[in-house]
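Hello,

Here is the structure I promised to pass on. Please have a look, and then read my notes below.

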Amino acid sequence: MAEWIKCIGIIGLYFLLFFTFGTLVCGFRTKEKASVPFTILIGFFAYYVLFQVVTLPMMFTLQPLSALTAVWCVCVLLVLLAAFIRAVKKMHRMRKEKQKQETYPLSDRIWKAAQAMIVLLHTVLVSVIYYSYWDATYYVGTVSFSVYHNAINTYNPLTGRLLDTFDLKHCLATYHMHDAVVCQLFDVHPLIETKTVMVIVITILVNLAYYCLARRLFGKNEFATAVMMGFCLLVNLCSFSLYTSSSFLLFRTYEGKAITGALVTTVLFYLFLQIYENPQRKRGWYYLTIVSWGAVAVSASAMILVPAAIGAFAVVMLLKKRKWRTILYAGISMLPCFLSLLVYFLNRLGILSIHTWR
Amino acid sequence: MNITIAEEGWRFVLTCIQRYQGEGCFLILFAAALFYTGISSRGVKLCEKEDNLSILSAQKAMAGWTIPYVIVLALTVFNILIMRYVVVLLKLEDEYYRFLWLLPVTVLIGYAATHFTVRWQSRIARTAALAGLTAVIVFTGKTVLARGFTLAENLYKVPDEVIQICEVIHEDSGAENPKVITEFDLAVLVNQYDPSVSLEISYGDVPTLRDVEADRNGQDWDRWLTSRLTVMNVVMDHDFSVPVWDFVAAMDYTDASYLVAQKEAMFDAYYSEARCVPVKSTENYVIYRYYNSVLPMPDE
């Protein structure tokens with residue numbers, strides 16, 4: 001029971017941090033107000049972007065995990081402080097402007113409750129399912145060995161032995177090192193962090209992405225939003241084959257590629273809709289760049305999949321909207337993926353390798 | 001997916017799509033949803049509170065980008081003329097199926113089904129549409145229950161036995177990093193729960209040892225490899241035709257102090273002869289303490 005309470009606390013903290021990061025990113029040089037679910041989603045990607053920026057230099061200079069944990073705590077506290085100052089200023093401004101309170105009729109409240117039940121059902125399902133998949137040896141093992149040896153990605157999780165050189169394909173995606181930091185900080189077991197806490201967090205985020213899409217497509221019709229979220233859950237539960245993103249979301253949520261398949265793609269589709277609808281607005285491309293970078297920080301699979309998706313969408317924009325600037329914006333948003341790809345290829349060709357010892 | 005362009009040739013992409021779809025019909029539903037999205041982009045009156053124009057614009061945009069986006073994907077990443085070179089160059093044969101994640105299957109089926117449901121004004125028609133579409137998705141699909149999952153026994157999401165085994169070994173040995181040999185299914189799980197257990201044949205060693213076994217051709221290999229190969233043949237592959245003294249010599253070389261094997265009378269007879277003494281049993285496994293041939297057995 002105590003472990004469950006700790007898990008719920010950590011999950012709450014994750015969402016608070018994602019929201020905080022999101023408010024800073026969404027409020028950057030704009031007075032437009034983003035919805036809370038969208039702010040959380042963008043915050044998730046921004047959070048992992050910053051974590052990657054902090055982790056990579058520390059990893060390649062062979063710092064211990066405890067040093068990363070300490071530095072990351074300072075970074076998070078600074079971001080929280082910045083968000084707090086911004087919120088105080090905003091509150092001061094809001095006091096001057098009269099706020100219109102929104103009220104919801106009973107039927108809307110019922111459908112809102114139905115939306116929450118759909119998310120809860122999905123979350124309960126992923127939290128109680130157990131399926132042993134060999135890949136967990138790698139992904140969970142990375143976290144376990146990093147915490148045990150107080151090291152950053154220097155041990156081979158498949159053998160438990162020290163690596164000679166960094167596995168540059170996987171270690172650029174620092175998502176699992178974040179799990180290790182959380183395990184060290186809160187004294188939580190890597191299996192609980194990866195297979196329960198993050199599984200719940202990702203499932204809720206995926207549902208928030210469905211919610212955002214439904215709200216954009218059906219306005220404030222709460223019934224339609226609930227129905228769309230329900231259908232998305234149903235499709236996820238009924239489209240089983242070993243390879244679908246739905247299966248990854250349900251059984252292998254602890255892997256970065258499950259996040260790419262289910263969360264990153266859904267957020268990309270939402271942003272594609274926004275950009276297509278309003279091609280003059282550069283904001284969509286700005287968010288797309290953050291999602292693209294965040295995706296690379298989460299999973300190595302994203303370095304090929306995300307440029308493929310953005311590339312295909314850019315062609316659509318060029319053909320249908322005749323916006324030549326699309327090439328520039330798409331290029332910028334794909335840059336983090338291309339940089340990761342470059343490092344990966346240089347490593348594979350034997351040109352670049354980094355030793356795990358001095 | 002274990003399919004290669006060399007084997008499949010021009011059919012590579014098609015075979016990937018067929019395997020991806022499995023026994024369900026969700027890609028057919030996706031095609032239907034795409035078609036429906038295209039023809040229904042005129043929008044419906046949905047909400048009196050919101051500006052309907054905004055919804056109409058979003059629904060038109062949905063049809064506007066999804067259809068050409070899927071066509072562009074079909075002409076590029078799902079085009080075998082291009083992919084047969086790209087996939088080989090990037091060595092993406094095993095991961096190629098992930099490109100299918102770029103199709104907005106879940107959201108588009110969800111959107112089209114919702115659009116079709118809410119367009120009806122009468123409550124009966126809406127309920128009928130909702131029930132009908134639910135039935136279509138459920139009955140044409142293959143549910144995740146087909147995967148045959150079990151309920152998690154604990155918050156760690158590993159079998160309770162794994163936790164028990166690690167605890168017993170630590171308690172009995174008192175060492176920080178006890179050296180252990182386990183069955184393959186345990187080698188997959190043990191270090192996820194307890195990285196302090198030193199697996200002498202880890203999950204990552206198994207493919208290397210199998211490659212060595214395949215290329216052996218009677219040559220004398222490194223002692224590290226041959227000893228582990230012998231132990232792997234007995235403990236993981238259950239090849240009890242290996243002479244006991246060969247197994248003991250190999251175990252001595254691995255320096256392992258514990259062996260965890262399935263609870264079977266035949267296995268027990270072999271291991272008892274091979275200087276293994278049971279420490280404790282769990283529901284499916286027996287934890288043995290291995291006595292190196294230079295050490296006296298407890299009854300000696």
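In chain A, where is confidence lowest and where is it highest? This is a predicted model, in which local features need pLDDT of at least 70 and side-chain atom pairs count only at pLDDT 80 or more, while totals for chains, interfaces and linings use all residues. Residues are numbered from 1 along each chain as its sequence is written, chains are lettered from A and ligands numbered from 1 in the order in which they are written, and side-chain values use heavy atoms, leaving out hydrogens and water.

Now to the answer. Confidence (pLDDT, the predictor's confidence in each residue, from 0 to 100) is lowest in strand E1 (residues 129-130) of chain A, at a mean of 82, and highest in helix H7 (residues 175-186) of chain A, at 97. Helices (H or I, at least four residues) and strands (E, at least two) are DSSP runs, numbered from the N terminus. Chain A has a mean pLDDT of 92, with 98% of its residues at 70 or more.

Next, a loop with two asparagines. Asn150(A) lies between helix H5 (135-149) and helix H6 (168-171) of chain A, and has a positive phi of about 50° although it is not a glycine. Asn153(A) sits in the loop between H5 and H6 of chain A too, with a positive phi near 60°. Asn153(A) is buried because its relative accessible area is 10%, whereas Asn150(A) is partly exposed at 28%; buried means under 20%, exposed over 50%, partly exposed in between (1.4 Å probe, protein chains only).

Best wishes
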